[in-house]
Amino acid sequence: MPAHDSLPPFEFAFPGPLRDRLVAAVLSGAKTTTTGLVADYEHAGDPLPRAGDRYRVPGSDGRSVAVVEVTDVRVLRLADVDLRHAVDEGEGHETVAGWRADHEGFWQGPEMREALGDPEFAVGDDTMVVAGRFRVVERL
């Protein structure tokens, strides 16, 4: 069994076109940050990532395509996410407002609400998020 198989997954979005775009951005080097909801980690019972942690990155088909290492983690209010973080997510955002609108749509979408077990889940300025920075250490 390859060593990366024992690593926890670092999943971007849900399987499908969005995940495929995000994984491609990771592999190209365009995406070096990501943002998750503290509520998602808590609901899943998963620990927050820490600098130095390594994860395998699965594609939509579940096959691991890379190993990433977390280099920085900040837990902050959604309103406090800065432009550098938003741009480094590699999704083409040039403003925090554009980045936030896309993320709010995702986090308040039916798949995330189902994953959280809360059909009314909504985000606001005070929603706590995990802003992580990572680097690809191995392409698989």
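This is a predicted model: local features need pLDDT of at least 70, side-chain atom pairs count only at pLDDT 80 or more; totals for chains, interfaces and linings use all residues.
Helix α1 supplies the largest share of the lining of the largest pocket, five residues. Residues are numbered from 1 along each chain as its sequence is written, and side-chain values use heavy atoms, with hydrogens and water left out.

Back to the pocket. Its volume is about 950 Å³. Glu11, Phe12, Ala13, Gly36 and Asp40 are the closest to the centre, out of 40 lining residues. A pocket, on a 1 Å grid over the protein atoms alone, is an open set of points where a 1.4 Å probe fits, with protein on both sides within 12 Å along at least five of seven lines; lining residues have an atom within 4 Å of a point. The volume is the space filled by probe spheres set on the points, which are joined across faces, edges and corners.

Which elements supply at least two residues each to this lining? They are α1 (17-28), β1 (33-37), α2 (38-44), β3 (64-77), α4 (96-107), α5 (110-116) and β4 (128-139). By class, the lining has 24 nonpolar, six polar and 10 charged residues. In that count Ala, Val, Leu, Ile, Met, Phe, Trp, Tyr, Cys and Pro are nonpolar, Asp, Glu, Lys and Arg are charged, and the others, Gly among them, are polar.

One of the residues closest to the pocket centre, Ala13, sits in the segment before α1. Ala13 has a positive phi of about 55°, although it is not a glycine.

Next, strand β4, where Val130 is placed. Is Val130 buried or exposed? Val130 counts as buried because its relative accessible area is 3%; the cut-offs are under 20% for buried, over 50% for exposed, and partly exposed in between, with a 1.4 Å probe and protein chains only. Val130 and Thr35 are 95 residues apart in sequence, yet their C-alpha atoms are 5.4 Å apart in space.

Now the salt bridges, 14 in the structure. The term means a side-chain nitrogen of Lys or Arg within 4 Å of a carboxyl oxygen of Asp or Glu. Lys31 pairs with Glu89, with 3.5 Å between the closest N and O atoms. That pair links distant parts of the chain, 58 residues apart: Lys31 is in the loop between α1 and β1, and Glu89 in the loop between α3 (83-88) and α4. Lys31 and Glu89 are both buried.

Within helix α4, Arg100 and Glu104 lie four residues apart, about one turn of the helix. Their side chains meet in a salt bridge at 2.5 Å, N to O. Arg100 is buried, at 19% relative accessible area, whereas Glu104, at 21%, is partly exposed. As for networks, salt bridges that share partners join Lys31, Glu89 and Glu91 into one.

Arg77 and Asp80 form another salt bridge, the closest N and O atoms being 3.2 Å apart. Arg77 is partly exposed, with a relative accessible area of 29%, and Asp80 counts as partly exposed at 40%.
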